[in-house]
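Open the model in your viewer and keep the sequence panel beside it. This tour moves from selection to selection.

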Amino acid sequence: MDPSQLQSNELAQFIAQEKERAMVNEMVAKLTNVCWDKCITGTPGSKFSSSESSCLSNCARRFMDMSIIIVKRFQNMQ
Amino acid sequence: MDAFSSSPSSGSPSQQFSASDFKDQLKTQLAQAYAEEFLETIRVKCFDKCITKPGSSLSGSESSCISRCVDRYIEATGIVSKSLFSAQH
């Protein structure tokens with residue numbers, strides 16, 4: 001067997017996994033960026049208030065909900 | 001042959017760049033790029049929150065605001081990440 005062929009399948013899979021990992025990281029980073037602005041309105045304290053932390057987790061989930069609605073609506077227009 | 005534990009020294013000294021070298025380098029570079037982007041975001045956010053009127057030096061309250069801000073931003077990243085990846089409806 002040609003070792004370079006074995007490697008290129010393995011590498012393709014590795015690259016696909018790393019790409020997915022990078023996309024997930026990017027999504028988390030973007031959501032944190034957006035939700036920080038929405039939820040942390042004052043000066044940062046030594047811990048989050050409970051309303052700040054629930055705002056952050058709600059924000060992330062509602063953003064994802066919204067993304068699904070947007071895609072569906074867009075698909076309905078095609 | 002287990003490709004994932006390939007040892008680069010199994011061949012001649014002039015062995016080419018191996019798959020595992022490539023994977024290690026890619027992972028390292030991705031991690032570095034991610035870390036740099038993360039730091040840059042924190043710089044922008046914490047400058048906005050803590051340095052409202054730049055003076056001739058950083059005041060004590062500005063410095064402690066920055067420390068808290070960094071901690072909170074890291075915590076916020078964890079909260080967002082957890083809320084996305086723990087199934088909860």
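How many Å² does the accessible surface of chain B come to, and what percentage of it belongs to carbon and sulfur atoms? Select chain B and show its surface: the accessible area is about 6200 Å², with 57% from carbon and sulfur atoms. Accessible areas come from the Shrake-Rupley method with a 1.4 Å probe, and for residues only the protein chains shown count as cover.

Some ground rules before the next stop. This is a predicted model, in which local features need pLDDT of at least 70, side-chain atom pairs count only at pLDDT 80 or more, and totals for chains, interfaces and linings use all residues. Residues are numbered from 1 along each chain as its sequence is written, chains are lettered from A and ligands numbered from 1 in the order in which they are written, and side-chain values use heavy atoms, with hydrogens and water left out.

**Stop 1: chain B, the fold**

Stay on chain B and switch to cartoon. There are two helices and zero strands in chain B. Helices (H or I, at least four residues) and strands (E, at least two) are DSSP runs, numbered from the N terminus. Now select residues 25-84 of chain B, which an unreviewed UniProt entry lists as "domain: Tim10-like". UniProt positions are given in the numbering used here, feature names are shortened, and annotations may be inferred rather than shown by experiment. Helix makes up 85% of that stretch of chain B and strand 0%. Its end C-alpha atoms lie 29 Å apart.

Colour by burial next. Of the 89 residues of chain B, 25% are buried. Buried means under 20% relative accessible area, exposed over 50%, and partly exposed in between (1.4 Å probe, protein chains only).

**Stop 2: the chain B disulfide**

Show the cysteine side chains. Over all chains the structure holds four disulfides; a disulfide is a pair of cysteine sulfur atoms within 2.5 Å. In chain B, go to Cys50(B) and Cys65(B), whose sulfur atoms are 2.0 Å apart in a disulfide. Cys50(B) sits in helix H1 (residues 19-50) of chain B and Cys65(B) in helix H2 (residues 60-85) of chain B, so the bond ties together parts 15 residues apart in sequence. The link of Cys50(B) and Cys65(B) is left-handed, at -70° about the S-S bond. Both Cys50(B) and Cys65(B) are buried. With the bonded cysteines of chain B numbered in sequence order, the pairing reads 1-4, 2-3.

**Stop 3: chain A, the fold**

Move to chain A. Along its principal axes, the C-alpha trace of chain A spans about 60 × 45 × 15 Å.

Select residues 13-76 of chain A. UniProt lists them as "domain: Tim10-like" in an unreviewed entry. This stretch of chain A is 84% helix and 0% strand, and its end C-alpha atoms are 34 Å apart.

Of the 78 residues of chain A, 24% count as buried.

**Stop 4: the chain A disulfides**

How is the pairing arranged in chain A? Counting bonded cysteines along the chain, the disulfides of chain A follow 1-4, 2-3.

Zoom on Cys35(A) and Cys59(A). Their sulfur atoms are 1.9 Å apart in a disulfide. The pair links distant parts of the chain, 24 residues apart: Cys35(A) is in helix H1 (residues 3-39) of chain A and Cys59(A) in helix H2 (residues 50-77) of chain A. The torsion about the S-S bond of Cys35(A) and Cys59(A) is about -80°, so this disulfide is left-handed. Cys35(A) is buried at 0% relative accessibility. Cys59(A) is buried at 14%.

Next, select Cys39(A) and Cys55(A), joined by a disulfide with S to S 1.9 Å. Cys39(A) belongs to helix H1 of chain A and Cys55(A) to helix H2 of chain A, 16 residues apart. The link of Cys39(A) and Cys55(A) is left-handed, with -70° about the S-S bond. Is Cys55(A) buried or partly exposed? Cys55(A) is partly exposed, at 27% relative accessibility, while Cys39(A) is buried at 7%.
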